[in-house]
Amino acid sequence: MAEHDGAQPGRSDLELLRAHAAGDRDAFTELFQRHRDRLWAVALRTIGDREEAADALQDAMLSAHRAAARFRGDSAVTTWLHRIVVNACLDRIRRRQAHATVPLPDGVHTDGEPGRHTGGAEPAAPARDHDTALVVRQALAALPAEQRAALVLVDVQGYPVAEVAAMLGVAEGTVKSRCARGRARLAVLLGHLRTGGDAPAADVPRLTSGNRRRPEGVGSSSGASRQAVSQEEP
């Protein structure tokens, strides 16, 4: 994976990380801004709650900031950053499992206080797709955390299985297994969207068998439920 896909010409991710470790006060900010959108999207899709996703992303970036000097270069810097973000999200999911609730749209909690998020305003989903997008988010939130993380990275964000395995620190076969189980559960949870109506195919989330090629730039070209869920990316 390119160290700074879609970024302006300049220092590579690895150069920025090393500069930060050497005392450059601006290097880590530049690195984070370069990959912020995708890191935020992963956090939001994995947790399903805007406020907790923002907190998890902040925790992850603090961890990365402090651990930069220990980066050994065994993987791409982006892979390392994604691993830290996903781990921070999974830690939060596990801590809240005893009080599990289905997140409301746009990070609004039952007390009516709006959630917060990292960065600029998020575009609202078109009215005709809003209900479908919410159903998909709720279905993702119902999956076990490990299955959800694998599906978000492979099917929603479009990363290759091999790279996701490196991000999660597991074997490729484990990623494939988690995705397969997650897709099977989503097929059951979202099956009602395929029956009893004549809605256009564009309104119905599609389940895929996984990535066959990398996404180009910061976008994603495939994924389970990508069409409906992607409307909430910053």
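Figure 1. The structure shown here is a predicted model. Ala162 belongs to helix H7. Lys176 lies 14 residues away from Ala162 in sequence, and the C-alpha atoms of these two residues are 9.7 Å apart in space.

**Figure 2. The chain as a whole.** The chain contains nine helices and zero strands. Read from the N terminus, the order of its elements is therefore written α-α-α-α-α-α-α-α-α. Of its 234 residues, 47% count as buried. The accessible surface of the chain is about 11,600 Å², and carbon and sulfur atoms account for 50% of this area. Among contacts between residues at least 6 apart in sequence, 69% join residues that are at least 24 apart.

**Figure 3. The largest nonpolar core.** This core has 53 residues, and the members that touch the most others are Met61 and Trp80. Several helices give two or more residues to the core, among them helix H1 (13-21), helix H2 (27-47), helix H3 (50-67) and helix H4 (77-96). Helix H5 (127-141), helix H6 (145-156), helix H7 (161-168) and helix H8 (172-189) also give two or more residues each.

Figure 4. Which residues are in contact with Trp80, leaving aside its neighbours within four places in sequence? They are Leu17, Ala64, Ala67, Ala68, Phe71 and Ser75. Both Phe71 and Trp80 are buried. A pair of aromatic rings is described by two quantities, the distance of the centres and the angle of the planes. The count of aromatic pairs comes to one. In this pair, the ring centres of Phe71 and Trp80 are 5.2 Å apart and their planes stand at 55 degrees, so the pair is tilted; an angle under 30 degrees would count as stacked and one over 60 as edge-to-face.

**Figure 5. Arg72 in the loop between H3 and H4.** Arg72 is located in the loop that lies between H3 and H4. Is Arg72 buried or exposed? Arg72 counts as exposed because its relative accessibility is 69%. The side chain of Arg72 makes a polar contact of 3.0 Å with the side chain of Asp74.

**Figure 6. Asp49 in the loop between H2 and H3.** Asp49 is found in the loop between H2 and H3. With a relative accessible area of 6%, Asp49 is buried. A polar atom of the Asp49 side chain lies 3.1 Å from the backbone nitrogen of Glu51.

**Figure 7. Leu14 in helix H1 and its distance to Gly73.** Leu14 has its place in helix H1. Because its relative accessibility is 25%, Leu14 counts as partly exposed. Leu14 and Gly73 are 59 residues apart along the chain, and their C-alpha atoms are separated by 8.0 Å.

**Figure 8. Two cysteines, Cys89 and Cys179.** Cys89 counts as buried, since its relative accessibility is 0%. Cys179 also counts as buried, at 2% relative accessibility. A disulfide is a covalent bond between the sulfur atoms of two cysteines. How many disulfides does a search of the whole structure find? The search finds zero.

Note on methods. Residues numbered from 1 in each chain as written. Predicted model: local features only at pLDDT ≥ 70, side-chain atom pairs only at ≥ 80, totals over all residues. Heavy atoms only, no water. Core = buried A, V, L, I, M, F, W, Y, C linked by side-chain atoms within 4.5 Å. Buried < 20%, exposed > 50% of the residue type's maximum accessible area, 1.4 Å probe, protein only. Helix = DSSP H or I, 4+ residues; strand = E, 2+ residues; numbered from the N terminus. Contact = heavy atoms within 4.5 Å. Areas by Shrake-Rupley, 256 points an atom, 1.4 Å probe, with all protein chains shown as cover. Phe/Tyr/Trp six-rings, centres within 6.5 Å; stacked < 30°, edge-to-face > 60°. Polar contact = N/O pair within 3.5 Å; in protein donor to acceptor, adjacent residues only side chain to side chain. Disulfide = S-S within 2.5 Å.
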